[in-house]
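User: I would like to learn how to read a structure like this one. Please take me through it feature by feature.

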Amino acid sequence: MYNFLLGVVIVLSIIIIIAIMMQPSKQNSAASAFTGGADQLFGKQKARGFEAVMQRTTAVLGAVWLILLFVLAFLSSK
């Protein structure tokens, strides 16, 4: 069981990296690199389409990854 979950976590880690790399960049200029994107922090720019799907996918994959890591930690303590 432990080895199977470890394999799932490794595959999930690679999928999360790919999902993060597929997300579109939000920085449009060099000035936004200096402000740290603070101008978009309080803006009402809601993600739509592909960007929204990628954000949700990354969040869900991250949550599943974290839960699996807690299960692995629990199994390794026994």
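Analyst: Let us start with packing. This is a predicted model. The buried residues of helix 4 pack against helix 1, which covers residues 2-22.

User: What does the overall secondary structure of the chain come to?

Analyst: Count the elements, then read their order. The chain has four helices and zero strands. From the N terminus, the order is α-α-α-α.

User: How do I check the length of helix 4?

Analyst: Helix 4 runs over residues 50-77, which is 28 residues. At 1.5 Å a residue, helix 4 should span 40 Å. Its end C-alpha atoms are 41 Å apart, so the two values agree.

User: Which residues does the UniProt annotation "transmembrane region" cover?

Analyst: Take the record first, then look at the model. The unreviewed UniProt entry places the "transmembrane region" at residues 57-75. In the model, residues 57-75 are 100% helix and 0% strand. The end C-alpha atoms of that stretch lie 27 Å apart.

User: Which residues of helix 4 are buried?

Analyst: Start with the general idea. An α-helix has 3.6 residues a turn, so residues three or four places apart point the same way. Now the case here. The buried residues of helix 4 are Ala52, Met54, Thr58, Leu61, Leu68 and Leu72.

User: Why does Thr58 count as buried?

Analyst: Burial is read from relative accessibility, and the cut-off is under 20%. Thr58 has 15% relative accessibility, so Thr58 counts as buried. Thr58 is part of helix 4.

User: What does Thr58 touch?

Analyst: Set aside residues up to four places away in sequence. Thr58 then touches Ala19, Ile20 and Gln23. There is also a polar pair to look at. A polar atom of the Thr58 side chain lies 2.7 Å from the backbone oxygen of Met54.

User: Which residues make up the largest nonpolar core?

Analyst: The largest nonpolar core has nine residues: Leu5, Val9, Leu12, Ile16, Ala19, Met54, Leu61, Leu68 and Leu72. Helix 1 and helix 4 are the elements that give two or more residues to this core. Helix 1 gives the most, with five residues.

User: How far apart are the C-alpha atoms of Leu6 and Leu68?

Analyst: Leu6 and Leu68 are 62 residues apart along the chain, and their C-alpha atoms are 8.5 Å apart. Leu6 lies in helix 1. At 33% relative accessibility, Leu6 counts as partly exposed. Ala73 and Tyr2 are 71 residues apart in sequence, with 9.6 Å between their C-alpha atoms. Ala73 sits in helix 4 and is partly exposed, with a relative accessible area of 43%.

User: What share of contacts join residues at least 24 apart?

Analyst: Take contacts between residues at least 6 apart in sequence. Of these, 92% join residues at least 24 apart.

Notes
Residues numbered from 1 in each chain as written. Predicted model: local features only at pLDDT ≥ 70, side-chain atom pairs only at ≥ 80, totals over all residues. Heavy atoms only, no water. UniProt positions renumbered as here; feature names shortened; annotations may be inferred. Expected span 1.5 Å × (residues − 1). Buried < 20%, exposed > 50% of the residue type's maximum accessible area, 1.4 Å probe, protein only. Contact = heavy atoms within 4.5 Å. Core = buried A, V, L, I, M, F, W, Y, C linked by side-chain atoms within 4.5 Å. Polar contact = N/O pair within 3.5 Å; in protein donor to acceptor, adjacent residues only side chain to side chain.
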